[in-house]
Structures are given as C-alpha cells and as structure tokens.
Amino acid sequence: MKANLISLLLLAALLLSFAPTVILGASCSVTDLIPCSSAIFNGATPTSACCAKLKQQQPCFCQYLSNPNLRGYINSPNAKQVSSYCKVPFPDNC
C-alpha cells in the first residue's frame, strides 16, 4: 500500500513537470490520465472517469509516446488493456 502511494506520488510529480500543449483542439496534459493510474500500474478495472479521460486524450497519444519519460507507461501492456477496455484505439504507428 505504501509503495503504491509512493509510486502514484512520483508519477504525479513526473506528470506535473510537463507543460500542457494543444493538439487538434485537445489539451494534452498527461496529468489528465491520473484517473487511470491504478488501472495502468496495478491492472485494476478502469473506471468510467478513466475511460472518459482516455477518450479526451486520444489525440495526444503519439505525443506522449514520443516522450522518453512517458513512453514506458503509455506503451505498457496494462495501458493497452485499459485502452481496449475503454474502446479507445491505441495508435499503431506515430
């Protein structure tokens, strides 16, 4: 439990260090994906809030994948499962 909290806090700090940008009218702020953190890190079932944020952030996936600090999280097996569960297509190539 304590390790998960520390991991979540470290992720939040990492995410907050990135300035949001705008792509195709979507505000690309990886911190918006925090509702998905337990699903991505622990394999928990994604919440409806997670799926909603994932759909909003879909235009930003390639931007996140191009960032070496985020690529491992965004491209992880759990993240792909969350994407599939939420019916949000994961980009094949960026």
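1. In this predicted model, Cys 62 and Cys 94 are joined by a disulfide, with 2.1 Å between their sulfur atoms. Cys 62 belongs to helix 4, whereas Cys 94 sits in the segment after helix 6 (77-85), so the bond ties together parts of the chain that are 32 residues apart in sequence. The link of Cys 62 and Cys 94 is left-handed, with -70° about the S-S bond.

2. The surroundings of this pair deserve a separate remark.

3. A second disulfide is formed by Cys 28 and Cys 60, whose sulfur atoms are 1.9 Å apart. This pair links distant parts of the chain, 32 residues apart: Cys 28 is in strand 2 (residues 26-28), and Cys 60 is in the loop between helix 3 (48-57) and helix 4 (61-65). The torsion about the S-S bond of Cys 28 and Cys 60 is -80°, and the link is left-handed. Cys 28 and Cys 60 are both buried.

4. Cys 36 and Cys 50 also form a disulfide, and the distance between their sulfur atoms is 2.0 Å. Cys 36 is found in the loop between strand 2 and helix 2 (37-42) and Cys 50 in helix 3, so this bond ties together parts 14 residues apart in sequence. What is the handedness of the disulfide of Cys 36 and Cys 50? The disulfide is right-handed, because the torsion about its S-S bond is about 110°.

5. Are Cys 36 and Cys 50 buried or exposed? Cys 36 has 0% relative accessibility and therefore counts as buried. Cys 50 likewise counts as buried, at 0% relative accessibility.

6. Finally, the overall pattern may be stated. The structure holds four disulfides, including those of Cys 28 with Cys 60, Cys 36 with Cys 50 and Cys 62 with Cys 94. When the bonded cysteines of the chain are numbered in sequence order, the pairing reads 1-5, 2-3, 4-7, 6-8. Each such link is a covalent bond between the sulfur atoms of two cysteines.

Terms used:
Residues are numbered from 1 along each chain as its sequence is written. This is a predicted model: local features need pLDDT of at least 70, side-chain atom pairs count only at pLDDT 80 or more; totals for chains, interfaces and linings use all residues. Side-chain values use heavy atoms; hydrogens and water are left out. A disulfide is a pair of cysteine sulfur atoms within 2.5 Å. Helices (H or I, at least four residues) and strands (E, at least two) are DSSP runs, numbered from the N terminus. Buried means under 20% relative accessible area, exposed over 50%, partly exposed in between (1.4 Å probe, protein chains only).
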